[in-house]
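Here is a short briefing on one protein chain. Start with the sequence and the 3D view, then take the points below by topic.

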Amino acid sequence: MAYIQYGRHALRQIIKETNVQQSHDRLMQPLFYACQGIRYRKLDVILTTSIEKLGKAGETVKVAPGYFRNHLMPKLLAVPNIDKFAYLIKEQRKIYQPKEEEVQVVTKNVEDKSKVYEKAAYRLLNGRLVLRRSINVEKFRARSTKDDPIELRSPVTKEEIVAEVARQLCVQIDPENLHLPTPLETFGLFDVQLRMPKSIPLPEGRYNWTLKVKIRGK
């Protein structure tokens with residue numbers, strides 16, 4: 001006990017004789033009070049880096065002395081909230097902080113969207129999709145005549161057509177835009193009906209939108 005009391009007395013004498021300024025007390029006092037077994041209040045520190053659930057860079061926050069001494073200070077994530085450091089952080093942010101540019105969002109009106117849809121619809125109407133598939137060998141050999149359709153090894157589905165439209169014609173559509181009750185199961189040229197918005201005018205002499213799909217052998 002004598003050594004502990006002597007240590008406490010020595011610390012008090014050091015503080016008294018050196019006349020520590022109030023701004024520096026924030027750094028030194030937590031260690032001194034810890035020696036006396038007293039839980040010190042939280043410290044005011046300035047963050048040099050944005051830390052999740054704590055604050056953004058340049059903000060003043062309160063943290064436990066141990067957290068600041070063992071984690072923030074060694075990694076230079078925060079500095080004491082004194083005039084000297086506050087001025088340095090302020091000047092540093094003026095130099096290095098990027099200016100936030102105002103981004104103008106250009107919204108397309110209904111007419112612009114209709115033009116985009118109309119252009120895509122005409123590209124589908126005037127284009128042709130070519131798919132190469134393998135034949136069903138067993139059914140091909142079992143044909144009664146040469147005029148019988150050649151069946152595919154695996155039928156062509158809506159999803160496959162949608163993927164090939166995006167790849168070959170550079171048009172993004174959904175499976176709902178295709179009217180295909182059953183998959184395509186034979187070689188040949190097919191007119192697949194399209195479901196387009198009613199706001200898109202049909203070409204003269206046509207009653208619906210269609211996509212030509214050519215299926216041939218590999």
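This is a predicted model: local features need pLDDT of at least 70, side-chain atom pairs count only at pLDDT 80 or more; totals for chains, interfaces and linings use all residues.

A pocket here is an open set of grid points where a 1.4 Å probe fits, with protein on both sides within 12 Å along at least five of seven lines.

**Largest pocket**
- Part of the lining comes from a run of residues: Cys170, Val171, Gln172, Ile173 and Asp174.
- Tyr117, Ala120, Asn177, Met196 and Pro197 also line this pocket.
- By residue class, the lining divides into seven nonpolar, two polar and one charged.

**Whole chain**
- The secondary structure comes to seven helices and nine strands.
- The chain has 218 residues, and 26% of them count as buried.
- Take the contacts between residues at least 6 apart in sequence: 53% of them join residues at least 24 apart.

**Annotated span**
- An unreviewed UniProt entry carries the annotation "domain: Ribosomal protein L9" for residues 44–80.
- In the model, the end C-alpha atoms of residues 44–80 lie 7 Å apart.
- The span is 22% helix and 30% strand.

**Leu47**
- Leu47 sits in strand S1, which covers residues 43–47.
- Its relative accessible area is 0%, so Leu47 is buried. The cut-off for buried is under 20%.
- Leaving out residues up to four places away in sequence, Leu47 touches Leu54, Gly55, Lys56, Ala57, Gly58, Glu59, Val61, Leu77 and Ala78.
- One of these, Ala57, is ten residues from Leu47 along the chain, and their C-alpha atoms are separated by 5.0 Å.

**Thr157**
- Thr157 lies in a loop. Strand S5 (151–156) is on one side of that loop and helix H7 (158–169) on the other.
- Thr157 counts as partly exposed because its relative accessible area is 27%. That class lies between the 20% and 50% cut-offs.
- Setting aside neighbours within four places in sequence, Thr157 is in contact with Leu180 and Pro183.
- Thr157 and Pro181 are 24 residues apart along the chain, with 9.8 Å between their C-alpha atoms.

Key:
Residues are numbered from 1 along each chain as its sequence is written. Side-chain values use heavy atoms; hydrogens and water are left out. UniProt positions are given in the numbering used here, feature names are shortened, and annotations may be inferred rather than shown by experiment. Helices (H or I, at least four residues) and strands (E, at least two) are DSSP runs, numbered from the N terminus. Buried means under 20% relative accessible area, exposed over 50%, partly exposed in between (1.4 Å probe, protein chains only). Contact means heavy atoms within 4.5 Å. On a 1 Å grid over the protein atoms alone, a cavity is a set of points where a 1.4 Å probe fits but cannot get out, and a pocket is an open set with protein on both sides within 12 Å along at least five of seven lines; lining residues have an atom within 4 Å of a point. Ala, Val, Leu, Ile, Met, Phe, Trp, Tyr, Cys and Pro count as nonpolar, Asp, Glu, Lys and Arg as charged, and the others, Gly among them, as polar.
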